[in-house]
Amino acid sequence: MKRKQTRWLRLALSTLAVVAMAACAPLADGGAKAPVADPAHSSRNALDWAATYAGTLPCANCPGVQTRLRLNRDESFELSVQYLERDPAPKVARGRFTWNSVGNAITLDEQGSGRQLLVGEGRLALLAAGAATTWPQDAQRQLTRLNPLAAAELPRTLEAHRWTLVWAADAQGQPIAGLPAVTPREINFNFSAGRVNIEGGCNRMLSGYQIDAGGKLGFSRMASSMMACEPAAMKVDSALAELLAAPLKSEMLTGTATTLRLTNPANATLFFTGQMTPEARYGKATRVFMEVSASRVACRDAQGANAECLQVRERRFDEQGLVVGTPGAWTPFAETIEGYTHKPGVRNVLRLKRFDRAAVGGGAPYLYVLDLVVESATEKP
């Protein structure tokens with residue numbers, strides 16, 4: 001019995017020695033064994049990657065591609081792409097994405113043209129064909145995570161921007177009929193002193209607004225003008241009134257562009273881009289009245305080149321709206337008036353906001369923004 005135990009012990013020790021020698025031996029191909037990724041510590045599992053990322057990617061024949069990519073926890077995406085100086089507005093695509101086997105990169109489906117992106121802490125990198133899925137990556141090919149503004153910051157930022165509706169989609173991601181308008185007019189939201197003014201459909205819509213502690217944006221009962229317009233513009237009014245009837249979840253992001261996303265209880269979404277208002281850029285405006293002649297006149301523009309300019313003269317009114325004094329002589333006006341389009345043969349008296357932009361330097365000393373057309377008349381040539 002003792003002899004059998006000794007023979008078994010020798011066999012076991014011999015086997016262990018062979019295993020140990022095999023473990024220490026080099027691989028057949030002469031290289032080191034590649035480490036196996038720990039799936040518990042991949043980007044997919046360890047990072048808070050569900051967010052919106054933005055940046056301007058390189059472009060061969062334009063200044064850049066302004067890109068915004070929203071990754072959702074259910075592995076769906078929303079991609080907004082705008083080729084600068086080529087596209088008047090972003091093109092939006094929605095689809096799904098998949099992770100690679102080690103969980104550090106994603107591939108967008110055909111809706112996203114199969115783009116591959118490396119996922120890192122607070123950033124994404126657009127991968128070129130055949131590129132390694134490792135950091136570092138070219139900084140010019142990266143998108144940075146955008147963090148939503150806190151609810152307390154929303155009112156100030158809302159009122160500091162003019163918001164243009166870029167697209168509207170229902171819960172299934174399909175465009176909402178009539179939005180944005182099929183007419184040439186933009187749909188704009190302007191917030192000021194607790195009220196919102198909506199333009200772009202048939203009628204101007206007015207309402208108060210409130211933002212709760214959770215960032216939900218609610219509108220009080222809408223008032224509007226009572227004009228009749230073409231069916232497309234009327235449809236804009238009815239679609240907006242329906243979408244804004246209940247409080248909407250809001251998400252505002254700042255970065256290369258400031259954007260606002262409003263989502264109603266039925267998961268329909270309105271997406272806006274914001275342009276800073278002149279008040280936010282230059283401070284308080286001075287109110288002036290300017291009469292614009294029905295015809296233009298030859299002049300020189302700010303660069304000294306030959307041009308055709310408006311003819312203007314200053315007008316004065318008292319607090320009751322009565323004319324004060326006598327208008328002066330007509331003078332060429334080489335600048336532009338934001339919000340005003342001149343029609344040949346039509347004379348207008350305009351109420352303008354005049355902003356002093358000398359403090360920021362460059363360009364003309366004043367910026368003029370149309371506030372109201374006070375008087376309009378057609379004149380015969």
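**Strand pairing and salt bridges in a predicted model**

Strands β11 and β12 form a hairpin with 5 residues between them, and Gly 200 in the turn has a positive phi of about 130°. Strands here are DSSP runs of E with at least two residues, helices are runs of H or I with at least four residues, and both are numbered from the N terminus. The model is predicted, so local features need pLDDT of at least 70 and side-chain atom pairs count only at pLDDT 80 or more, while totals for chains, interfaces and linings use all residues. Residues are numbered from 1 along each chain as its sequence is written, and side-chain values use heavy atoms, with hydrogens and water left out.

Pairing of two strands requires that DSSP finds at least two bridges between them. Strand β11 (residues 195-199) pairs with strand β12 (residues 205-211) in the antiparallel sense over 4 bridges. Within this pairing, Ile 198 has Met 205 of β12 as its bridge partner. Met 205 also stands opposite Ser 224 in β14; β12 and strand β14 (residues 223-224) run antiparallel and are joined by 2 bridges. A further antiparallel pairing, over 3 bridges, connects β12 with strand β13 (residues 216-219). There, Ile 211 stands opposite Leu 217 in β13. β12 and β13 form a hairpin with 4 residues between them, and Gly 215 in the turn has a positive phi of about 90°.

The protein chain as a whole contains 5 helices and 24 strands. Of its 381 residues, 39% count as buried, where buried means under 20% relative accessible area, exposed over 50% and partly exposed in between (1.4 Å probe, protein chains only). The chain exposes about 22800 Å², of which carbon and sulfur atoms supply 54%; accessible areas come from the Shrake-Rupley method with a 1.4 Å probe, and for residues only the protein chains shown count as cover. Contact means heavy atoms within 4.5 Å. Among contacts between residues at least 6 apart in sequence, 48% join residues at least 24 apart.

The structure holds 18 salt bridges, each defined as a side-chain nitrogen of Lys or Arg within 4 Å of a carboxyl oxygen of Asp or Glu. In one of them, Glu 75 and Arg 44 have their closest N and O atoms 2.9 Å apart. This pair links distant parts of the chain, with Glu 75 in the loop between β2 (65-71) and β3 (76-83) and Arg 44 in helix α2 (residues 43-46), 31 residues apart. Arg 44 is partly exposed, with a relative accessible area of 37%.

Arg 315 and Glu 291 form another salt bridge, the closest N and O atoms being 2.8 Å apart. Arg 315 lies in strand β20 (residues 306-315) and Glu 291 in strand β18 (residues 286-292), 24 residues apart. Both residues are buried. In the salt bridge between Arg 347 and Glu 379, the closest N and O atoms are 3.0 Å apart. Arg 347 lies in strand β23 (residues 346-356) and Glu 379 in the segment after β24 (366-378), so the pair ties together parts that are 32 residues apart in sequence. Arg 347 counts as buried at 15% relative accessibility, whereas Glu 379 counts as partly exposed at 38%. A network of salt bridges links Glu 291, Arg 313, Arg 315, Arg 347, Glu 375 and Glu 379.
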